[in-house]
Amino acid sequence: ELPTVQVGTKPFRLSNERAALIVASAPDEWRLAIKFAMSTGLRAGEQRALTWKQLDLDQRVVTVDRAIDKKGVLKEAKTEAGMRSVTLTPDLIAELRAWRLSQPIEQRANNLVFPQADGRIANAGQYLMLGLKKALKTAGIEDTITWHQLRHYYASVLIFQTKTPPEKVSRLMGHTSFS
């Protein structure tokens, strides 16, 4: 059963061109985080909790096993399905390697990949307001796009462009069931 669209709203679509424009328009300090979200499908809480230890750049994989919940508490993945590995693209690996070498010293204290400027775990509002909203404004995109929709973009790319079977997409997204 398909969801209904609220009256007076237009359906949201994030094309490849718009996705590339958002990344290109993002503030420098948020560009890689936005691209990472679009390229891995991690939930915002999973990405905010991501440490360098979870990235194996030689094996081209990120291991997801924890997240920051809505109250800002670091927790293990809620379900076994939430614990997963996601393959990284070669260009994303290259950018992550460069970021690791250039990451400011003050951000390295907690070994986080995408921390606040002082190295602490960034809150969801920072990801949205400082990163994505500024990118949208600079790109001239008036649609309301959330961080979670970047995750949906990843799933759409898998389904429609790579023809990945839906069951595998479900696993990569960390869903407990295909339905």
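I began with the rule for strands: two strands pair if DSSP finds at least two bridges between them, and a strand is itself a DSSP run (E) of at least two residues, while a helix is a run (H or I) of at least four residues, both numbered from the N terminus. With that in hand I looked up L55, and I noted that L55 stands opposite V62 in β2.

Before going further I wrote down that this is a predicted model, in which local features need pLDDT of at least 70 and side-chain atom pairs count only at pLDDT 80 or more, while totals for chains, interfaces and linings use all residues. Residues are numbered from 1 along each chain as its sequence is written, and side-chain values use heavy atoms, with hydrogens and water left out.

**The sheet.** I found that β1 and strand β2 (residues 61-64) pair in the antiparallel sense over 2 bridges, and that they belong to an open sheet of 3 strands in the order β1-β2-β5, with antiparallel pairing. I then saw that β1 (55-56) and β5 (84-87) stand at the edges, each with a single partner strand, so one side of each has no neighbour in the sheet.

**The whole chain.** I counted 7 helices and 5 strands in the chain, and reading along the sequence I wrote the pattern as α-α-α-β-β-β-β-β-α-α-α-α. The radius of gyration (taken over C-alpha atoms) was my next entry, and the globule rule is 2.2 Å times the number of residues to the power 0.38. For 179 residues a compact globule would have a value near 16 Å, and the chain has 16 Å, which agrees. I also noted that the C-alpha trace spans about 50 × 40 × 35 Å along its principal axes.

**Burial.** I used buried for under 20% relative accessible area, with a 1.4 Å probe and protein chains only, and found that buried residues make up 42% of the 179 residues. In helix α1 (residues 16-25) I listed A19, I22, V23 and S25 as the buried residues. I took contact to mean heavy atoms within 4.5 Å, and recorded that the buried residues of α1 pack against α2 (28-40), α5 (124-139) and α6 (147-161).

I located S170 in helix α7 (residues 166-173), where S170 is buried, with a relative accessible area of 7%. Leaving aside neighbours within four places in sequence, I found S170 in contact with H175, S177 and F178. Finally I noted that S170 and A155 are 15 residues apart in sequence and 8.5 Å apart in space, C-alpha to C-alpha.

Definitions and conventions. Buried < 20%, exposed > 50% of the residue type's maximum accessible area, 1.4 Å probe, protein only.
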